[in-house]
Amino acid sequence: MASASLLKSSPVIDKAEFLKGQSLRQPSVSVVRCHPNAPSSLTIRASSYADELVKTAKIVASPGRGILAMDESNATCGKRLASIGLENTEANRQAYRTLLVTAPGLGQYISGAILFEETLYQSTIDGKKIVDVLVEQNIVPGIKVDKGLVPLAGSNDESWCQGLDGLASRTAAYYQQGARFAKWRTVVSIPNGPSALAVKEAAWGLARYAAIAQDNGLVPIVEPEILLDGEHGIDRTFEVAQKVWAEVFFYLSENNVLFEGILLKPSMVTPGAECKERATPEQVADYTLKLLHRRIPPAVPGIMFLSGGQSEVEATLNLNAMNQAPNPWHVSFSYARALQNTCLKTWGGRPENVKAAQDTLLIRAKANSLAQLGKYTGEGESDEAKKGMFVKDYVY
């Protein structure tokens, strides 16, 4: 169980404020422009959601807590279920998601949960709205809003992320349903370049999404994942990451995105998965923090790292190493497989294993909570938790 001080430090979500009696709010936007005859014009935008965005971001970025990414698409969730011999049906997806969100005391370690659209509107197997269960656990509901990766014409076999069409109306509806933050994932491949076109497309798409999400009350998680695929060393990853984040923040600024009302979901700076030279947690922390200090404004409240195919223990050790000294930001986690892998295998689709699976989830969540505080030791970890989860050319 979490310490009393940890529990007291976690902001409490007012359920009435987040859900009860919510009507769809249309944010007012005030625009101030310079004299039309001036050689350049300055546009200042002020959304009525600004204060709420900042508050939500701070709640998600609260001490000792991070994000449970459970936003797998139905197809990806099917892959997870198939690994334990279950058919990809809505009932099985519902049963697994119920197991996750009802784990007793999960909110001690988890501040936000990213949901797939089906889950946002879904109920538990007991008929209770999943959004309501999360809020009662002191967990902010979030929503995946991108529409996935497609080939980027004119590039070196690279991808771009679709989903901007209709995003304004979708984010407005998600806000009404109870979501308070959003996630958009695009990727950059080092073995394929990355080309200047792919980097620019990734950065521009993330910036447009972030502006639209904020206009509709959702804190945007900005996620340009630099894929682990490749034989490159850690220095090459660092070089590419610097370029990607420079582009991302240039376009975020161009789109008037409120930095205090966003969260980031970067990759850790590591060697390629097929590189012969491996990096220690201390090396990963050194390179990653150097990147953050060079590229990320201190106004950003939270850096919620993705695990990207690392083992459960590896992702936790690297996070812990980054929190051995104070940072200008809340440096934490937004893990999917690195929180769920052992939990899923423990469950195996059997009702009698639900409690054991939830206990496993809580062990992983607590380990990462300690890592966010820089207090994780790595003692007592299972062999399963140490297994790598990288899959070459993995498709979500």
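A residue is called buried here when under 20% of its relative accessible area remains, exposed when over 50% does, and partly exposed in between (1.4 Å probe, protein chains only).

## About the model

This is a predicted model, in which local features need pLDDT of at least 70 and side-chain atom pairs count only at pLDDT 80 or more, while totals for chains, interfaces and linings use all residues. Residues are numbered from 1 along each chain as its sequence is written, and side-chain values use heavy atoms, leaving out hydrogens and water.

## Aromatic pairs

Let's begin with the rings. F238 is buried, and Y287 is buried too. Rings of Phe, Tyr and Trp (its six-membered ring) pair if their centres lie within 6.5 Å; planes under 30 degrees apart are stacked, over 60 edge-to-face, and the rest tilted. The whole structure holds 9 aromatic pairs. Helices (H or I, at least four residues) and strands (E, at least two) are DSSP runs, numbered from the N terminus.

Elsewhere, W204, F250 and Y251 make up one aromatic cluster.

## Helix α8 and its surroundings

Which residues of helix α8 (residues 167-177) are buried? They are L167, R170, T171, A172, Y174 and Y175. The buried residues of α8 pack against α3 (50-60), α6 (117-120), β5 (140-144), β8 (181-188) and α9 (196-215), where contact means heavy atoms within 4.5 Å.

G178 lies 8.5 Å from D132, C-alpha to C-alpha, although the two are 46 residues apart in sequence. D132 sits in helix α7 (residues 130-136) and counts as buried because its relative accessibility is 18%.

## How α12 meets α14

The axes of helix α12 (residues 312-322) and helix α14 (residues 354-372) come within 7 Å and cross at roughly 20 degrees. α12 and α14 are therefore roughly parallel to each other (angles under 35 degrees; over 145 is roughly antiparallel, 65 to 115 roughly perpendicular, the rest oblique).

On the α12 side, E312, V313, T316, L319 and N320 take part, meeting R364, A367, N368, L370, A371 and Q372 of α14. The residues of this contact divide into 5 nonpolar, 4 polar and 2 charged. Here Ala, Val, Leu, Ile, Met, Phe, Trp, Tyr, Cys and Pro count as nonpolar, Asp, Glu, Lys and Arg as charged, and the others, Gly among them, as polar.

Technical notes:
Axes fitted to C-alpha atoms, helices over the stretch in contact; angles between N-to-C directions.
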